[in-house]
Amino acid sequence: MKFFAINGSPRRNCNTAQLLDKSLEGVKSVFPEATAERIDLYDFPFHGCRSCFACKRINGKHYGKCAQKDNLQPILDEIVQADGVILGSPIYFSDVTGNMRCFLERFMFPFAVYSKTEVVNHKKMPLAYIYAMNASEESSYQIGYHDLHDHFEMGLSMIFTKPEHLYVYETYQFKNYSKYVSDVFDEKERKQIRKTRFPKDLESAFELGKKIAIQAKQHG
Ligand SMILES: Cc1cc2nc3c(=O)[nH]c(=O)nc-3n(C[C@H](O)[C@H](O)[C@H](O)COP(=O)(O)O)c2cc1C
């Protein structure tokens, strides 16, 4: 069994990365022998879809497959064969990060067929999405993040499977708040949240990973 966690944060050890690592621990608790690997999308240069349409060309050699030859291609080849994929991203201006979007264009578009009859046979593995953000739960609903992200998840649902998700609010953004202009935040409160709530978020990420592994088991 092979599982991937895709880190859409440029930070390799912060909120999203830690949550994704925990989710992979959850996967391993179900499948100790499984390969569970984190891919950091900011570790290598790559682009989003270039709209070349090689993946849609009739009788084309790249039909149903991304034709871009770059650092992402060999990784993508493995991810589309995975038994489960856990995506994770900070929220940047209400959305997932730019690199995550670029990744998703490449992950999804080759399987999105402009046809009423034609399909691309591909693996429909269980998916999960972890969102990490500054906003509180209350303000995330007020701003409309959930509607936006549900809409975004619809594409994944149509192509793969409906993702499970985890929202992580009021993350600890800086190692030392006093070094940055950040007086909209109450550092003491954030520290407290970090101490008391973040460990629970990590537990939820662990459970999420377990869930994906169990779904993968049911998928066979
Ligand atoms: C460029 C940028 C834009 C951001 N925009 C938002 C936003 O729109 N809403 C929000 O709640 N947090 C926003 N944040 C905060 C991050 O989502 C938050 O700190 C997140 O936990 C960072 O994840 P990381 O620790 O894994 O890097 C933004 C951060 C950056 C750097």
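## Salt bridges, aromatic pairs and buried contacts

Arg197 and Glu170 form a salt bridge in which the closest N and O atoms are 2.9 Å apart. Arg197 sits in the loop between helix H6 (187–196) and H7, and Glu170 in the loop between E5 and H6, so the pair ties together parts that are 27 residues apart in sequence. Arg197 is partly exposed, with a relative accessible area of 30%. Glu170, at 13% relative accessibility, counts as buried, because the cut-off for buried is under 20% relative accessible area. The model described here is predicted.

### Other salt bridges

The count of salt bridges comes to 14. Side chains of opposite charge can pair when their charged atoms come close. Among the 14 is the pair of Arg12 and Asp43, whose closest N and O atoms are 2.9 Å apart. This pair links distant parts of the chain: Arg12 belongs to the loop between E1 and H1, Asp43 to the loop between E2 and H2, and the two are 31 residues apart. Arg12 is partly exposed at a relative accessible area of 43%, and Asp43 is partly exposed at 44%. Both residues also belong to a network of salt bridges that links Arg12, Asp21, Arg38, Asp40 and Asp43.

A further salt bridge joins the side chains of Glu207 and Lys210, at 3.8 Å from N to O. Both partners lie in helix H7, three residues apart, which is about one turn of the helix. An α-helix has 3.6 residues a turn, so residues three or four places apart point the same way. Glu207 has a relative accessible area of 44% and is partly exposed; Lys210 is partly exposed as well, with 28%.

| Salt bridge | N to O distance |
|---|---|
| Arg197 and Glu170 | 2.9 Å |
| Arg12 and Asp43 | 2.9 Å |
| Glu207 and Lys210 | 3.8 Å |

### Aromatic residues

The structure holds 15 aromatic pairs. One of them is formed by Phe111 and Phe160: the ring centres are 5.8 Å apart and the planes stand at 85 degrees, so the pair is edge-to-face. The cut-off for that label is an angle of over 60 degrees. Phe111 lies in the loop between H3 and strand E4 (127–132), and Phe160 in the loop between helix H5 (145–159) and strand E5 (164–168), so the pair ties together parts that are 49 residues apart in sequence. Phe111 is buried, with a relative accessible area of 12%, and Phe160 is buried, with 4%.

Elsewhere, Tyr129, Tyr131, Phe152, Tyr167 and Tyr169 form one aromatic cluster.

Tyr42, Tyr92 and Phe93 make up a nonpolar surface patch, which has about 380 Å² of accessible area together. Of these residues, Tyr92 is placed in the loop between strand E3 (84–90) and helix H3 (98–108). Its relative accessibility is 37%, so Tyr92 counts as partly exposed.

### Helix H2

Helix H2 spans residues 72–79, and its buried residues are Leu72, Gln73, Ile75, Leu76 and Ile79. Seen down the axis of H2, these buried residues fall within an arc of 160 degrees, so they line one face of the helix. They pack against strand E1 (2–7), strand E2 (35–40), E3 and H3.

Gly209 lies in helix H7 (residues 198–219) and, at 0% relative accessibility, counts as buried. Leaving aside neighbours within four places in sequence, Gly209 is in contact with Ser23, Gly26, Val27 and Ile86. Gly209 is also 12 Å from Glu37 in space, C-alpha to C-alpha, although the two are 172 residues apart in sequence.

Ser23, one of the contacts of Gly209, is found in helix H1 (residues 15–30). Ser23 counts as buried too, at 0% relative accessibility. Not counting residues up to four places away in sequence, Ser23 touches Ile86, Ile130, Ala205, Phe206 and Gly209.

Note on methods:
Residues numbered from 1 in each chain as written. Predicted model: local features only at pLDDT ≥ 70, side-chain atom pairs only at ≥ 80, totals over all residues. Heavy atoms only, no water. Patch = residues over 30% accessible without salt bridge, like charges linked within 9 Å, V, L, I, M, F, W, Y side chains within 5 Å. Areas by Shrake-Rupley, 256 points an atom, 1.4 Å probe, with all protein chains shown as cover. Salt bridge = Lys/Arg side-chain N within 4 Å of Asp/Glu carboxyl O. Helix = DSSP H or I, 4+ residues; strand = E, 2+ residues; numbered from the N terminus. Buried < 20%, exposed > 50% of the residue type's maximum accessible area, 1.4 Å probe, protein only. Arc of directions from axis to C-beta. Contact = heavy atoms within 4.5 Å. Phe/Tyr/Trp six-rings, centres within 6.5 Å; stacked < 30°, edge-to-face > 60°.
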